[in-house]
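User: Could you take a close look at one part of this model for me? I'd like a walk through a sheet, and then the salt bridges.

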Amino acid sequence: MRYTLKDYQAEAVREALQRLTQARDMHHRFDSLSQFSLAATTGAGKTVMAAAIIEALFFGSDEFDFQADPGATVLWFSDSPDLNEQSRARIQAAASELDSRLRVVEATFSEPSFKPGMVYFLNAQKLSKNSRLVRGERTSPGQERLFEPAPDMVQQTIYDVISNTVQSEGRTLYFILDEAHRGMKTASDRQTIVQRLINGANGTPPMPVVFGISATVDRFTEAMKKVTNRTALPAVEVDSSLVQASGLLKDDIVLTIPKEKGVFDTTLLRRAVQKVKESTEVWAAYGVEQEEPDPVVPLMVVQMGDAPSQDDLTQVLDVIYDEWPDLPGDAVAHVFGSHADLLVGQQPVPYVEPQRVQDATHIRVLLAIEAISTGWDCPRAEVLVSFRTRNEPTYIHQLLGRMLRTPLARRISGNEVLNSVDCLLPHFDRETSTGIAQMLMKGKTAINPEDGDDEEDTTRRVLFDPVRLDQNPGVPQEVWDLLVTIPSVTIPKAHVKPIRRLDALAIALSNDRSVPGAVDQARQHLCKVLDGQAAQHDEKVASARTDVLTMTGEEVRGRLGAEGFSYDAFEMSADERAIHDSYRLAGQALTPALAKAYVEHDTPPDAEPEELLEAEITVASLGAVSEVVSAVERAADDLAKKWLSETRVARKGLPDERQAEYDRLEGMSTEPERITLTEPKTAQADTKVREKDGTERDLPTRRLHLMAAKGGTYPIDLNDWERKVLDSEMKQPGFAAWYRNPSRATKESLAVAYKDAEGTWRALRPDFIFFATQHDGTHVADLVDPHGHHLADALPKLRGLVEFAEQFGGDFRRIESVAETNGRLRALDLTKANVRQAIRDATSAKGLYESDAASDY
């Protein structure tokens with residue numbers, strides 16, 4: 001892969017490969033049909049994940065411990081040639097091994113079957129009734145065939161090609177349905193083209209393995225439930241909060257919708273132009289600050305109604321150019337289904353293929369109808385104004401989801417404005433908009449269904465005309481200086497390989513000249529660790545060497561007509577190929593790079609083949625001893641922590657793009673590791689709260705928040721407990737400032753790691769950080785988290801706070817968890833050893849707050 005997969009992407013790839021292994025086994029052993037789906041929010045990188053899956057299918061993968069399928073062929077299907085081309089280009093960009101293996105099925109395709117190790121792209125239009133791939137003469141009068149005979153000059157139809165492929169010995173045809181929510185509706189009893197492909201008909205066999213990919217797979221899932229002879233494997237579902245945490249998606253969606261009835265198309269279009277001009281200025285400034293070679297050039301998308309007239313288009317262009325008079329004449333293009341260049345008045349409006357819009361940065365305004373609602377992707381689209389009215393959830397999800405990709409595939413630290421997208425929807429009413437907001441924010445997730453208490457998922461916000469917040473000039477500089485020293489921690493990831501992490505870190509540090517020669521240092525260090533482990537575990541390594549060099553087996557003999565069997569053990573020497581296989585397996589445990597480095601470490605530069613083979617045997621033996629591998633992983637982890645700690649200050653001067661790479665490497669931890677906070681620079685917040693019935697009320701405000709509006713105020717959207725805590729803290733002697741800790745995974749948010757009931761690492765983000773001035777003039781920080789003791793995660797979170805306080809209690813004056821019990825607010829101060837021990841011993845969070853370990857808040 002040319003790209004480094006995000007953690008959630010790698011986990012999804014791992015799960016999908018497990019499903020495909022099971023599906024392949026079911027097909028070849030039992031001739032059984034199967035299907036499953038990959039469900040991931042728009043912008044999660046589904047095509048990149050698919051590229052990794054296909055690459056592993058064809059070539060195997062050490063990272064995912066997956067053996068290649070030599071008979072694998074992939075048929076990639078969508079309902080649009082543009083979408084197919086965009087997917088093909090993305091897969092080619094992502095997967096280096098697939099460059100020559102991606103082929104579009106043209107009308108002239110004439111091969112008898114699909115080849116193994118190839119990806120074929122096919123779309124619904126090429127299977128229409130009059131397509132050359134399917135049309136031909138009828139075989140005999142009155143004979144009915146759903147798929148007609150071959151066209152002239154071609155030996156078979158595309159359905160014959162599919163049949164030949166499916167029926168070939170040792171072959172597996174994997175059918176990947178892109179945007180799987182489309183093409184799954186039925187008109188009366190007639191099946192759609194895609195359903196006929198999946199299910200087979202009139203002599204054409206069904207697809208053995210069906211793999212649907214979409215952000216909204218409900219239609220696909222429901223349609224597949226109606227197929228009685230196909231096994232549904234568990235779906236691979238990507239947690240949207242993990243996608244959000246990765247920085248691939250915008251954090252905030254700003255919706256602008258009229259409060260009153262009327263026609264406001266031109267008014268909101270003017271506002272949209274103002275927003276894209278402002279966005280252009282802000283991104284240009286950021287590009288200069290970061291010395292970006294290719295700065296972001298924002299795009300405004302105008303979604304027209306069906307069949308827009310010349311008058312409609314003229315009005316839109318007049319408004320745009322009135323508001324943006326210096327907009328170049330070639331800056332407007334369209335992606336209408338007609339594919340024809342337009343002349344609107346005297347203004348040429350050329351057609352552009354959707355997949356080209358991202359790179360065609362001279363285009364600043366894009367006119368569209370439906371092309372942007374499915375499959376289209378343009379991360380630099382910062383503003384959408386839609387003149388359409390569609391209330392179907394799937395459509396709305398797809399439409400707005402297209403606007404959520406971050407232009408640089410990473411979050412911009414400290415700037416909430418650059419991490420947001422503007423959607424102006426003049427034809428949506430308030431009730432509809434509330435539904436959109438709830439859908440996009442994933443609503444509420446019940447923590448404990450039995451007690452009915454819910455916890456809102458606030459990883460993504462939907463804002464209505466938010467107020468801009470900047471650094472509060474009323475906050476002392478000493479508070480800002482203290483903020484960036486406050487500790488936070490990484491949240492450990494599953495399936496992390498410390499040796500791979502160290503290798504990637506060493507490459508990054510070498511490239512940035514932070515640790516000269518880091519790659520050689522890392523490999524030499526680990527080779528010395530291997531030397532030491534070889535001596536420490538010499539008996540186990542010797543035993544493993546015997547296993548590498550010999551194969552022990554058993555012959556079982558039986559005689560016809562006689563009962564019982566005889567067993568004869570045998571032993572034979574492993575040949576050179578078997579030794580190479582053992583070496584390769586060791587490379588999976590130690591990484592191929594370290595295995596190769598140790599061979600070089602263990603042999604002279606002019607080594608003979610026999611010496612190299614002996615070194616491979618040594619590596620294979622070491623890699624087979626679990627204690628050796630564990631020790632090397634610990635050493636890799638320790639060195640990575642040391643380098644990350646030593647270079648933390650120096651790395652703050654690197655551009656954001658490079659810092660994002662180190663953020664990724666810091667996050668590849670097996671245990672919580674200390675990181676520091678980034679100070680916020682620009683933020684935004686709603687000033688009103690909107691109830692489910694559509695009514696609105698102003699949010700109350702407080703002063704001395706780190707981020708504030710022009711008047712020095714900050715709108716607070718807090719529950720009763722949180723408000724009581726805030727007001728109480730603001731009355732305390734020496735109070736200097738406060739910070740509402742962001743609830744999502746940003747560099748500005750303090751995180752505490754804890755393990756849930758299943759042992760999975762999760763993040764607690766305490767609600768408040770309060771700052772106070774002491775008698776000697778120094779400033780201190782207090783960490784305070786109001787949290788319900790009745791929630792199922794209360795005790796695990798408290799124990800996470802215990803571990804955090806054990807390590808970092810000296811950085812805070814107080815670390816308190818507050819809860820209401822029996823009508824009173826009670827606090828647990830985790831800087832106290834007896835409180836921490838009480839939490840470790842507790843069986844009930846409520847009991848803790850009612851015990852002597854807690855005090856009145």
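In what order do the three strands of the open sheet come, and is the pairing parallel or antiparallel?

Analyst: Quick housekeeping: this is a predicted model, where local features need pLDDT of at least 70, side-chain atom pairs count only at pLDDT 80 or more, and totals for chains, interfaces and linings use all residues. Residues are numbered from 1 along each chain as its sequence is written, and side-chain values use heavy atoms, leaving out hydrogens and water.

The order is β25-β20-β29, with antiparallel pairing. Strands here are DSSP E runs of at least two residues, and helices are H or I runs of at least four, numbered from the N terminus; two strands pair if DSSP finds at least two bridges between them. β25 (682–685) and β29 (707–708) each have a single partner strand, so one side of each lacks a neighbour in the sheet. Between β20 (residues 467–471) and β25 there are four bridges, and Val-467 sits opposite Ala-685.

On to the salt bridges (a side-chain nitrogen of Lys or Arg within 4 Å of a carboxyl oxygen of Asp or Glu): the count comes to 51. One of them joins Arg-410 to Glu-292, at 3.0 Å from N to O. Both lie in loops, Arg-410 between α10 (393–401) and β16 (420–424) and Glu-292 between α8 (265–290) and β10 (299–303), so the pair ties together parts 118 residues apart in sequence. Both residues are buried, meaning under 20% relative accessible area, with exposed over 50% and partly exposed in between (1.4 Å probe, protein chains only).

Glu-820 and Lys-724 also pair up, their closest N and O atoms being 3.8 Å apart. Glu-820 is partly exposed at 27%, and Lys-724 is partly exposed at 45%.
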